[in-house]
Amino acid sequence: MTEEILDASGRAKRRAQRIAFFTFTFMSFFVIAILLVILSFIIIRGIPAISWEFLTEMPKDGMTKGGIFPAIIGTLCLVAGSMLFAFPVGVMSAIYINEYAKSSWVKRFIQMMTNNLAGIPSIVFGLFGMALFVNRFGFGDSILAGSLTLGLLALPVVIRTTEEALKSVDDSFRIASIALGASKWQTTSLVVLPIAFPNIITGLILSIGRVSGETAPILFTVAAYFLPKLPSGIFDQVMALPYHLYVISTSGTDLKASREMAYGTALVLIVIVLIVNLLANWLRKYFGNKVKLH
Amino acid sequence: MNTSFKKFKETLIEGLLMISGTVTSLTVLLIVFFLFSEGIGVFSESPVEAGYSIALNKANTVTALSAEQVKNIYDKKITNWQDAGGKNEAIIAFRMDDIDTYYTEDELGSSFEHLPEKINELIEKNPGIIAFVSDKYKAKEFNGKIITVKNINPKSFLGGEQWFPTAEPAAQLGALPLILGTLWVSFCAIILALPLGLATAIYMAEIANDKVRNVMKPVIELLAGIPSVVYGFFGLVVIVPLIQDVFNLPVGETALSGSIILGIMALPTIITISEDALRTTPKAMKEASLALGATNWQTIYKVIIPYSVSGISAAAILGIGRAVGETMAVLMVTGNASVIPHTILEPVRTIPATIAAELGEAPQGGMHFKALFALGCILFIITLIINLSVEFISAKRK
Amino acid sequence: MNTKITFLTLILASAVFSSCKNEGAKTEETTTAVSITMKGSDTVLPLAQKEAEDFMKANAGSTITVTGGGTGVGISALQDGTTDIAMASRDLKATEKLKLQEAGKDIQSATIAYDALAVVVNPANKVQKLTREQIEGIFTGSIANWKEVGGADEKIIVYSRESSSGTYEFFKEHVMDKKNYASTILSLPATGAIVQSVGQTKGAIAYVGLAYLDVSIKALEVSYDQGKVFVAPSVAAAKDGSYPVSRPLFYFYNKSSEAKVKSFVDYALSDAGQAVVAAIGYVPVK
């Protein structure tokens, strides 16, 4: 390259490249900067609000003081409930698509429907959850109705990641297992699933992140404005972090008094997302190295 | 025995798996069923609240009015029957509560027992009257002419420019401002996000070294993971005042504020998918271009981008899809005025924000409630079109 | 594998734990402690929330769930029997009355407070007072600039609550002579957000409950007699009726659950409850 004759056109070409590459680099770092601005804004404003009391106490004085404990527990309940539904169904569905479905037409159809489900806006899930679970099935506003609605929302995420995980398992494992006389289910459960397991768990963790931050689906299916009590069953309502942030940042008779609570709640939500993402990445890396060793 | 049991178990498991496999399809079908069965109901519902009627004097030649005409009459924008297809006669708009301006309490009776006949009398006496009366207080021998207010039809629902779902006596359900508002905000969001997203994708796929990439990838995933209500909150306390100051606007809650937030939210989708698309360019093509003396940059924009253009458009479309359905962030920053948008610096109202804000207050099973489900149908159809076109584009690529 | 097992055990444990607790709660109900759910109007929410908080403090073991959503949601929940008390910022509509009758509900109501609506502008606005007719013109869109009502040459930005809220309808009925709002108004989902926006926006006007007044916004004096007498909104003026724009706030409940909710409704109407009403910024009924 150094011996290249730097004629006029060559110089122009390289200058164009330098400008273009500089622009791209600049824009990429701009994208990263956006994230950093949002994160640091929430963190800097939110940290003063965080204390042990904030995390473990009930809201007080018209939700301008006290803590957000019931909202944290509520969100945990909803996450657990939705995953209890979405994880087994999603994994089984992906196993069916990847390991069992014989005709490619069926496979394509299910995949297409899954993609469609993934594209449906979250507010439509809210409408649907209200019409089916709350009204038709008569669950009322409850953890059950909210969890099922969120579970349906998370289903495509679980299916897709599980499918990817199963696909990445080399066919030689399956062939070897079948050749040794194992049945299809034995092959799937004893050979394929253990290898794919780390990636499946990564998908699970990512969908937990998604579910814990959704507001629109729980608006009309479970979320309570004020309920300073922990749920005692699946037909109870709960407070939830995202909805709590929404109400204390837009309603209430004194917004300024609850602003600090709002920053704190936003920070807790962000931290959950951060943990979920870091955990997923760490798992991916950890098991990624391990699987390669085999 | 053992083998037959084993076989049974295998079939059972396969059956179970198959059932799970149908859950997503079933859910999509159920969503379609529930949305549409509730939503279609809006077209068979009278815009006049159940239990009420609109009556005219018998001599009036008008036999039917549209919901819009009724609203304009009661808003005193139409004041003569000539403008509603009748004779030259001033309109007297009457509601039940106005009764005390015509009759004293004594005349009506202590428990309003004379109310029905007095209403009857009033309608009979005034040729220009239009009366919005409760069926409960309609006399047995009613002397007025009950007119029908035309039901809303799909054309007026989709093309109507007025969204007044709680207007009395007749609700106005024109979804056009909401549809256009949704598309407008989403479209502007993509205009803002596409250059940034594409540049980042190119940077990550072609320019950055592995070390930088390994840092950037999780950071962008993180951007995708931040809950929409946090974006909304950020928009509310930072972007809205900023827009107001920078453009010196009377209001900060504008389509632009919404587009900026939605653009940021659509970035991860655009980046991930277009980066994948850029990476599928065969190495041979790249190397051929470089061997011919093209610079890296020339290779990128003359070979790699044209090759992956369908993937990039899929990314853009999916980004729009993400923006169209976003609810909470938009609800918090766009101002929600139901007008047809003309510039990006005006407030707009989107379909998801309308559903989230109004569903709680609408009496369940009523027309307004059904209209919100009908809006859900529109949203569903928009996202379905988006998904299908992405399927189409990626199928073509294969 | 460990993560999965821990995860599942956790869920199982919590499920078992919660079912036990549920039994406990049920037996408790028969004694003094009550468990009440309330749902409905966002206007009533801050009041109900504070009342519930204080009530629970005074009656250990009682639980009160307060859920928003709006008057419509509250009333249909009352009809379905999924809530004990519906909070409302408007009276029942004819269709709702019919439906409740069909569902065999005998509905009782208690007026727990009054809410006076103040017309507010940005503090920088030099306009101090408006007549009802001017307000009507502004909200219906026929007056679009502040100079038409004696202010600076500036576009009027109208903020309003969502079209389905009780506040929206009340304002329309009592201030705007039942005419419809202009479609260019900005509607925000909650009053708190409106207060914030009016505080930030120079040309803004909006209506908010007295409870929401603070230094970031300025309440206007309003005249209901074509400009002869202007009255500033205050709890006292609303109480003696000289400030005309005020409305009742209700708790609706089913006769059959009266025994259950009585202690709370009584509390809301008691001196202590009415003190909360005043503290939040609404107008006490007594």
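This is a short walk through a predicted model with several chains, taking the contacts between chains before the details inside them.

Residues are numbered from 1 along each chain as its sequence is written, and chains are lettered from A and ligands numbered from 1 in the order in which they are written. The model is predicted, with local features needing pLDDT of at least 70 and side-chain atom pairs counting only at pLDDT 80 or more, while totals for chains, interfaces and linings use all residues; side-chain values use heavy atoms, with hydrogens and water left out.

Let me begin with confidence in chain B. Its mean pLDDT (the predictor's confidence in each residue, from 0 to 100) is 86, and 99% of its residues reach 70 or more. Within chain B, helix α6 (residues 176-207) has the highest confidence, at 93, and helix α3 (residues 105-108) the lowest, at a mean of 77. When I say helix or strand, I mean DSSP runs, numbered from the N terminus: helices are H or I with at least four residues, strands are E with at least two.

Now for chain B against chain A. Contact here means heavy atoms within 4.5 Å, and 75 residues of chain B and 78 residues of chain A take part. Together the two chains bury about 7,000 Å², 78% of it on carbon and sulfur atoms. Buried area is the accessible area (1.4 Å probe) that two parts lose on being put together, summed over both. On the chain B side, B:L17, B:F34 and B:F233 lose the most area to chain A, together 10% of what that side buries.

What about charged pairs there? A salt bridge is a side-chain nitrogen of Lys or Arg within 4 Å of a carboxyl oxygen of Asp or Glu. Between chain B and chain A the count is two salt bridges. B:E391 makes a salt bridge with A:R108, with the closest N and O atoms 3.6 Å apart. Helix α1(B) supplies the largest share of the side of chain B that touches chain A, 20 residues.

One residue from that helix is worth a stop: B:S20, in helix α1 (residues 2-40) of chain B. Is B:S20 buried or exposed? B:S20 counts as buried, at 5% relative accessibility; the cut-offs are under 20% relative accessible area for buried, over 50% for exposed, and partly exposed in between (1.4 Å probe, protein chains only). Leaving aside neighbours within four places in sequence, B:S20 is in contact with A:V89, A:M92 and A:S93.

Next, chain A against chain C. This contact takes 33 residues from chain A and 35 residues from chain C. The area buried between them is about 2,700 Å², and carbon and sulfur atoms give 63% of that. The rule finds one salt bridge across this interface. C:K39 pairs with A:D141 in a salt bridge, the closest N and O atoms being 3.0 Å apart. On the side of chain A that touches chain C, α3(A) gives the largest share, four residues.

Over all chains, the structure holds 25 salt bridges. One of them joins B:E275 to B:K217, at 3.2 Å between the closest N and O atoms. B:E275 sits in helix α9 (residues 255-279) of chain B and B:K217 in helix α7 (residues 210-225) of chain B, so the pair ties together parts that are 58 residues apart in sequence. B:E275 counts as buried, at 1% relative accessibility, whereas B:K217 is partly exposed, at 26%.

Chain C has its own examples. C:K50 and C:D54 meet in a salt bridge at 3.4 Å, N to O. They are four residues apart in helix α2 (residues 45-58) of chain C, about one helical turn. C:K147 and C:D153 also form a salt bridge, at 3.9 Å, N to O, and both residues are exposed. There is a network too, linking C:R132, C:E133, C:E136, C:D177 and C:K179 through salt bridges.

Last stop, the nonpolar cores: sets of buried Ala, Val, Leu, Ile, Met, Phe, Trp, Tyr and Cys residues joined through side-chain atoms within 4.5 Å. The largest has 234 residues, and those with the most contacts inside it are B:L375, C:M38, C:V66, C:Y159 and C:Y251. Apart from that one lies another core, of 34 residues, including C:V119, C:F139, C:Y168 and C:F171.
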